[in-house]
Amino acid sequence: MPNTNIAQFENPHEKAQYVRSMFDRISAKYDLMNRLMTFGQDIRWRKLAIAETGLSQQGTLLDLGCGTGDLAFDALKVDPNLVVAADFSIDMVRTGQLKKNGQTNLVFTAADGMALPFADNFFDAAATGFVMRNVANIDQFIAEMARVVRPGGRVVILEITPFDKPLLKPFYRFYFHSIVPLIGGIVAGDREAYTYLPKSVDIFLSADELKLRMEKAGMQPVNYQLLNMGTVALHTGVVV
Ligand SMILES: C[S@@+](CC[C@H](N)C(=O)[O-])C[C@H]1O[C@@H](n2cnc3c(N)ncnc32)[C@H](O)[C@@H]1O
């Protein structure tokens with residue numbers, strides 16, 4: 001393991017393998033860690049993300065990189081026709097499935113966002129939460145989301161974004177780079193995964209750059225809002 005930046009990889013294959021096995025490892029404590037790290041704020045961000053999808057009762061939604069399915073479960077509150085929750089970490093999918101409570105309009109499946117097993121234009125919308133930093137090829141992942149959403153449908157991306165407020169940055173960095181790994185070590189038994197997390201944000205695209213990538217994938221318009229004092233970005237693009 002290189003000690004410079006554990007979120008940097010030699011090649012896309014190495015990154016995908018690392019990410020998948022990391023999420024397999026932390027799947028059982030993933031939800032608890034989210035609540036602790038964000039002081040419960042992640043619940044609100046996901047609700048906003050689902051509202052952005054414009055999902056209706058007749059609608060279909062893909063939750064890509066669903067993890068334990070928290071976005072997908074939020075989407076069910078609209079009582080839509082179908083929500084497909086897909087992830088390439090089998091243990092995250094299994095943990096999500098255990099949270100199901102008889103809902104027949106929610107299907108968990110294993111799938112790689114780089115090559116989705118769904119037909120073009122199949123979904124009314126696609127959402128992805130806290131996944132984009134982890135993918136080996138951002139453009140391909142966005143293109144696949146856009147491909148499976150019908151024209152006029154929305155692609156919604158919720159992600160932590162590099163923080164650039166000079167006065168607050170030292171405090172934020174101390175919390176994110178020192179306290180979060182400590183909590184991750186104690187609660188999830190995996191300090192490494194929660195060291196990777198802030199480092200992956202450090203090298204991730206700015207909100208403006210991510211907007212450009214979505215436009216490049218053929219979405220128009222693309223808009224975003226910043227949440228939590230500018231530490232989280234919520235992008236919405238319309239597929240043309
Ligand atoms: C931080 S978790 C987010 C889980 C969930 N979306 C949430 O809001 O809590 C990132 C998830 O993305 C998944 N992931 C990363 N790359 C992926 C890919 N190429 N295809 C499918 N899932 C992927 C990981 O396995 C992991 O479960």
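# Ligand shell, sheet and core in a predicted model

The largest share of the shell around the ligand comes from H1, which supplies three residues. The model is predicted. Strand S4 (residues 123-129) pairs in parallel with S1 through three bridges and with S5 through six. The largest nonpolar core counts 63 residues.

**Ligand shell**

- There are 20 residues around the ligand, and those that come nearest are Gly65, Gly67, Ser89, Gly113 and Gly129.
- Helix H1 spans residues 12-26 and helix H4 residues 70-75, and each of these helices gives the shell at least two residues.
- By class, the shell holds 10 nonpolar residues, six polar ones and four charged ones.

**Strand pairing**

- Strand S1 covers residues 60-64 and runs parallel to S4, to which three bridges join it.
- Within this pairing, Leu61 stands opposite Ala125 of S4, and Leu62 stands opposite Ala126 of S4.
- Strand S1 is also joined to strand S2 (residues 82-87), again in parallel, by five bridges.
- The bridge partner of Leu64 in S2 is Ala86.
- From S1 the chain passes through H4 to reach S2, and this β-α-β crossover is right-handed.
- S4 and S5 are parallel, with six bridges between them, and Ala127 stands opposite Val156 of S5.
- A right-handed β-α-β unit is made by S4, helix H6 (residues 138-148) and S5.

- S4 is mostly covered, with seven of its seven residues buried.
- S1 is likewise mostly covered, with five of its five residues buried.
- Thr60, Leu62 and Leu64 point one way from S1, while Leu61 and Asp63 point the other way; residues on both sides are buried.
- The buried residues in H6 are Phe141, Ile142, Glu144, Met145, Ala146 and Val148.
- Which elements cover the buried residues of H6? The cover includes strands S1, S4 and S5, together with helix H9 (207-216), strand S6 (219-227) and strand S7 (232-239).

**Nonpolar core**

- In the largest nonpolar core, of 63 residues, the most contacts inside it belong to Ala126, Met145, Val149 and Val155.
- Strand S5 (residues 149-160) gives the most to this core, namely six residues.
- In soluble globular proteins, nonpolar side chains tend to be buried together.
- Which residues does Met145 contact, leaving aside its neighbours within four places in sequence? They are Leu64, Ala126, Thr128 and Val155.

**Backbone exceptions**

- Most residues other than glycine have a negative phi, and most peptide bonds are trans.
- The loop between H4 and S2 is where Asp79 is found.
- Is Asp79 buried or partly exposed? Asp79 is partly exposed, because 13 other C-beta atoms lie within 10 Å.

**Lys216**

- Lys216 is found in helix H9.
- Is Lys216 buried or exposed? Lys216 has 12 other C-beta atoms within 10 Å, so Lys216 is exposed, the limit for this class being 12 or fewer.
- The C-alpha atoms of Lys216 and Val156 are separated by 15 Å, and the two residues are 60 residues apart along the chain.
- Val156 is the residue of S5 that Ala127 stands opposite.

Notes
Residues are numbered from 1 along each chain as its sequence is written. This is a predicted model: local features need pLDDT of at least 70, side-chain atom pairs count only at pLDDT 80 or more; totals for chains, interfaces and linings use all residues. A residue is near a molecule or strand if its C-beta atom, placed from the backbone, lies within 6 Å of it. Helices (H or I, at least four residues) and strands (E, at least two) are DSSP runs, numbered from the N terminus. Ala, Val, Leu, Ile, Met, Phe, Trp, Tyr, Cys and Pro count as nonpolar, Asp, Glu, Lys and Arg as charged, and the others, Gly among them, as polar. A nonpolar core is a set of buried Ala, Val, Leu, Ile, Met, Phe, Trp, Tyr and Cys residues joined through C-beta atoms within 7 Å. A residue is buried if 20 or more other C-beta atoms lie within 10 Å of its own, exposed if 12 or fewer, and partly exposed in between; C-beta atoms are placed from the backbone. Two residues are in contact if their C-beta atoms, placed from the backbone, lie within 7 Å. Two strands pair if DSSP finds at least two bridges between them. A crossover is right-handed if, with the strands pointing away from the viewer, the path from the first strand over the helix to the second runs clockwise.
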